[in-house]
Amino acid sequence: MVDTRPFLPVSSSDGSNPSEPLANGRKPMKALLSIFFGLLAVGLLAALLTSNNGSDFVTENEHDPLASSTTTTKSEPLRPLSRGPAAGVSEKSNRLFADENTVAFPWNNSMLSWQRTAFHFQPERNWMNDPNGPLFYKGWYHFFYQYNPHAPVWGDIVWGHAVSKDLIHWLHLPLAMVADHTYDKSGVWTGSATFLPDGKIVMLYTGSNAQAVQVQNLAYPADHSDPLLINWIKYSGNPVLVPPPGILSKDFRDPTTAWLTSEGKWRFAIGSKVNKTGVALVYDTKDFINYEKLDGFLRAVDGTGMWECVDFFPVSKTGENGLDTSVNTPDVKHVMKVSLDDDRHDYYTVGTYHEKNVTFVPDDLTIDVGIGLRYDYGVYYAAKTFYDQNKNRRVLWGWIGESDSEAADLQKGWASVQSIPRTVLLDKKTGTHLLQWPVQEIDSLRLNSYEFNHVSIQAGSVVPLEVGPATQLDIIAEFKIEKEALEKATGSNVTFSCSSSGGAKERGALGPFGLLVLADDSLSEQTPVYFYIAKGSDGNLKTFFCNDQSRSSVASDVNKQIYGSMVPVLKGENLSLRVLVDHSIIESFAHGGRTVITSRVYPTRAIYGAAKLFLFNNATEAGVSASLKIWQMNSAFIRPYPNLDNKSR
């Protein structure tokens, strides 16, 4: 049934195991008493709030079902601390509220429990950030990650470790590496794995030493016959590299996976900057103990600032399989990706790698690395790929941070998750884009399915989709817009932007239209995932893919940005998307993964059974039809490794 209610705007809203109890768990009596009385005060405050006619909220406009709501309590403004830059890494705290008088929302345990994901990887508690050294070894996928074993905020960083048979169900293992030497005393930071010809593994990683100087270190498994790779040895001669002349002590980090040159040497890159120019330094080695710094840079782009988490890998121009990092033949292109410290986004570009002069040249300088295309236009950073020799594919991991307040993270006891691993291929139709797609194994979690064929969505209408609770979903959809409307629409020279053009509430002749995800019945909370077609004054059409978080929650202390970018739509292609909904995460893939957006949303009403799914069309002229297949999704098993043999610790 079609709901013809107008799609109205709302008022804007101004050495241990991570799975085991933490060491030193006993707290002084004064601290326990402080915690007790603090919790008591919170409980009394919650009781006062809920006594207001059973409601935590006062509606600003009782006649507008989409109006924003504010709490009745007066809370202290949030003053988030900066975490990371002083130590020499990118900002790890959500600074959205740093200059605003935003007050903390009174989250309750039910709301916070709902936010925890069901099939995305995360440790049982505390803070996680960058993926490190992913690999497949002796039947197991290994995932290492930046982890704080003591609190749900950045700091005290060590390497967590988990294993999986299928990249979906995970078993937590003891910490792989801890900060136990002078060269990594201030943090065991990001690194990458390299397979040697004999099948052995070396891991290069950045350590922050006792003086907060960034140095590169070597580690390797203590027992290569152990498929779980539980114990790691740090090379006795660490650090193997220190910042070279001209590079500042806090601008030298995150070595890539190494690749073999035609001379039989191993080559890898390290992120850095020179003044405001982002650069990738290059080193050669024969044995991972002695190194030669090569002249120049693999790539340098003025104005992009510090490059973190550089990644460099080949993609096939003709095939559908991934490639080992060392492949460099005429039928491949290379991809360079950097994480920009300045804006915390991951950028990539496709181009040609010249081994002899040790340079990478983008095919299109207007979309050079750091100024053009991004892996993901939402909450996604520090991504790292690995070649999966088990299934001949390149797999991409990415860190999905929080976009709520640090106070809420402390209350729930955890922060951050990892994306669903994605396969990466060159988009052979555009030649400029990569295609990112959830690994096939995620399909194993699909449960009941629902099909909707050729659903007509009139301009200005909302259509409910009866799929049951909409908290864990896999959605595949295709949209067709009326050809007559495309032809009749008047062109304009006004530039459209997902982030600055008003979101899904702003109506145009040809959009927006798409899905309302994690919406409640009254649409007081909703996250539109949508297309918008803009017709230029020259008559050409441009298609944009956006996620609008502005009405995702009535809470005031969460990020409500609008994300998105243009997505190439070639002749004869219909508008298609895939959306994975997993509680507080929405991963959206447009046109086979040409453009991807990840959102973190924190609804207070559209949770559990109250979370619904709708189609919408907020265009003023064009009708749209949609065909969808939707699956309820099961939860993944993510738990400690059972009965771990003490001998292998």
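I found that Glu402, Asp404, Asp409, Lys412 and Arg600 are joined in a network of salt bridges, a salt bridge being a side-chain nitrogen of Lys or Arg within 4 Å of a carboxyl oxygen of Asp or Glu. I note that this is a predicted model, in which local features need pLDDT of at least 70 and side-chain atom pairs count only at pLDDT 80 or more, while totals for chains, interfaces and linings use all residues. Residues are numbered from 1 along each chain as its sequence is written, and side-chain values use heavy atoms, with hydrogens and water left out.

Lys412 is buried at a relative accessible area of 13%, and Asp409 is buried at 6%, where buried means under 20% relative accessible area, exposed over 50%, and partly exposed in between (1.4 Å probe, protein chains only).

Next I followed Arg299, which forms a salt bridge with Asp368 at 2.7 Å, N to O. This pair links distant parts of the chain, with Arg299 in strand S15 (residues 299-301) and Asp368 in the loop between strands S19 (359-362) and S20 (373-374), 69 residues apart. Are Arg299 and Asp368 buried or exposed? I recorded both Arg299 and Asp368 as buried.

Finally, I noted the count by this rule, which comes to 29 salt bridges.

Conventions. Helix = DSSP H or I, 4+ residues; strand = E, 2+ residues; numbered from the N terminus.
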